[in-house]
Amino acid sequence: MRPVEIKEGVHWIGVVDWNCRNFHGYARSANGTTYNAFYIEDEKKVLVDTVSKGSESQFICSLSHLTKPEEIDYIVVNHLEPDHAGCLAKMVELCKPEKIFVSVMGGKALKTFFDCEDWPVHVVKPGEEVSIGKRTLRFYETRMLHWPDNMFTFVPEDKLLFTSDAFGQNIAASERWVDEMSKEMVEDHMQQYFANIITPYSSKVIKTLETFAGLNLDVDMICPDHGLMYRGDDCAFALEKYMEYANQTPKNKATLFYDTMWSSTERMINAVASGLVSEGISVKVMSVKANHHSDIMSEVFDSAAIVIGSPTHNNGILPGMADALTYVKGLRPKDKIGACVGSFGWSGECVNILNEWLEKMGCDIIDPKIKAKNRPDHDALKECFQLGVAIAAAIKEKTGK
Ligand code: FEO
């Protein structure tokens with residue numbers, strides 16, 4: 001893509017990764033992603049972030065429409081993860097910058113990623129300012145949004161905030177701005193991104209947003225490193241949405257995810273779903289064979305309850321279910337109601353194992369744990385339906401709706 005001037009003298013020089021479907025090796029990105037990076041033309045010429053390794057030729061080509069790499073004076077590294085710093089070494093080699101700005105934690109981590117002993121690294125303190133001519137770069141630590149090294153860079157003269165992973169979405173598009181796309185679609189992708197990348201750090205997000213609110217920065221443009229950028233009123237939209245996501249306020253919704261061998265567990269899950277729906281609860285029923293674990297997480301994220309199911313297999317649960325549970329638990333969704341069901345042939349450990357997962361996730365568990373030998377009969381399915389009704393009552397009590 002050619003550069004896009006986003007403010008006078010400030011240019012988007014990112015790369016659109018149209019066909020990325022495996023984001024960071026663990027999350028599905030059904031609509032691709034972008035690696036946003038920026039070039040500021042002032043008395044000092046500045047690169048803000050770079051792009052992933054493998055995208056460097058496009059990036060250098062884009063930059064070359066504006067300046068020669070060797071004319072770059074400063075490189076700002078808001079985040080060291082390889083989707084943003086994957087071609088940093090190449091850019092340092094080409095640009096020979098006068099300074100490379102990183103956060104305190106970035107300074108510590110830099111040498112674990114790069115042979116950078118002779119790089120001109122400048123570790124910035126939180127709030128430190130650097131003049132680049134008509135403009136100032138001001139740096140703020142934003143640890144754990146998404147790694148310990150993350151920081152935001154603010155340009156007060158342009159009211160412009162570069163936020164790295166925060167406020168990102170996995171959207172590959174020819175458009176660059178949120179206001180050029182459907183707000184509903186953007187919001188959906190923002191939430192998916194938060195659910196799969198940021199959820200474990202929700203309390204840090206709240207603290208960071210509160211700190212920034214206290215700073216009263218005059219911001220009219222927010223530029224994340226993934227997806228579309230926010231301008232004007234959309235900046236407030238981005239901040240409001242992040243506070244909402246970080247609070248993890250649940251909806252009157254349950255996500256039921258399961259694996260099944262010969263459809264017995266599936267029938268039990270469907271009966272629980274029927275019970276939930278009969279009480280007005282919205283449900284998502286997701287086989288782990290048909291749904292990627294990150295799509296399951298996206299639905300779990302705003303659900304008040306999860307219902308998990310697996311038959312017993314080799315004294316354990318089916319491996320696809322173990323994968324989904326490992327992934328969801330790792331993202332630490334909070335305050336969920338939980339319940340479990342499963343079929344078995346002879347040993348029947350499934351529901352005890354599933355219940356342990358619910359306990360480890362800190363769920364408020366609704367009993368009974370229902371297991372059915374070989375196939376659920378009418379009574380077992382009726383019991384599953386009643387479990388759904390009981391979960392619905394607990395959801396309404398939790399949400400107050
Ligand atoms: Fe987009 Fe944490 O990297």
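Let's start at Met229. Leaving out residues up to four places away in sequence, Met229 touches Ile6, Trp12, Asn36, Phe38, Arg176, Trp177, Val178, Ile222, Cys223 and Pro224. Contact here means heavy atoms within 4.5 Å. Residues are numbered from 1 along each chain as its sequence is written. This is a predicted model, where local features need pLDDT of at least 70, side-chain atom pairs count only at pLDDT 80 or more, totals for chains, interfaces and linings use all residues, and side-chain values use heavy atoms, with hydrogens and water left out.

Where does Met229 sit? Met229 is in the loop between strand S16 (221-224) and strand S17 (230-231). Helices (H or I, at least four residues) and strands (E, at least two) are DSSP runs, numbered from the N terminus. Met229 is buried, at a relative accessible area of 1%. The cut-offs: buried is under 20% relative accessible area, exposed is over 50%, partly exposed is in between, with a 1.4 Å probe and protein chains only. Met229 and Val341 are 112 residues apart in sequence, and their C-alpha atoms are 44 Å apart in space. Keep Val341 in mind; that residue comes back.

Now the overall picture. The protein has 12 helices and 25 strands. Its C-alpha trace spans about 75 × 40 × 35 Å along the principal axes. Of the 401 residues, 58% count as buried. Take the contacts between residues at least 6 apart in sequence: 72% of these join residues at least 24 apart.

Next, a sheet. Seven strands form an open sheet, in the order S1-S2-S7-S8-S9-S10-S11, with mixed pairing. Two strands pair if DSSP finds at least two bridges between them. Strand S1 (4-7) and strand S11 (121-123) stand at the edges with a single partner strand each, so one side of each has no neighbour in the sheet. From one strand to the next, the twist averages 25°. Inside the sheet, strand S2 (residues 10-12) and strand S7 (residues 38-41) run antiparallel, joined by three bridges. Val10 has Ile40 as its bridge partner in S7.

Helix H3 (residues 88-95) lies across strand S8 (45-48), strand S9 (74-76) and strand S10 (99-102), and runs at about 170° to S9. Axes are lines fitted to C-alpha atoms, for helices over the stretch in contact, and angles run from 0 to 180 degrees between N-to-C directions. Helix H4 (residues 104-113) touches S10 and S11, and its direction makes about 115° with that of S10.

How do H1 and H3 cross? The axes of helix H1 (residues 56-64) and H3 come within 11 Å, crossing at roughly 40°. H1 supplies Glu56, Phe59, Ile60 and Leu63 to the contact, and H3 supplies Lys90, Met91 and Leu94.

On to the cores. A nonpolar core is a set of buried Ala, Val, Leu, Ile, Met, Phe, Trp, Tyr and Cys residues joined through side-chain atoms within 4.5 Å. The largest has 84 residues, and Tyr242 and Phe257 have the most contacts inside it. Helix H5 (residues 183-198) gives the largest share of this core, seven residues. Another core lies apart from it, with 27 residues, including Ala254 and Ile366. Back to Phe257: among its contacts, not counting residues up to four places away in sequence, are Met286, Val307, Gly309 and Leu325.

Val307 and Gly309 lead us to strand S20 (residues 303-309). Seven of the seven residues of S20 are buried, so S20 is largely enclosed by the rest of the structure. Strand S18 (residues 251-258) pairs with S20 in the parallel sense, over six bridges. Leu256 stands opposite Val307 there. S20 also pairs in the parallel sense with strand S23 (residues 337-344), over five bridges. And here is Val341 again: in S23, Val341 is the bridge partner of Gly309.

Last, some backbone exceptions. Most residues other than glycine have a negative phi, and most peptide bonds are trans. The bond from Asp367 to Pro368 is cis, with omega near 5°. Pro368 is in the loop between strand S24 (364-365) and strand S25 (370-373). Phe167 has a positive phi, near 75°. Phe167 is buried, at 2% relative accessibility. Asn216 has a positive phi too, of about 55°. Buried or exposed? Asn216 counts as exposed, at 65% relative accessibility.
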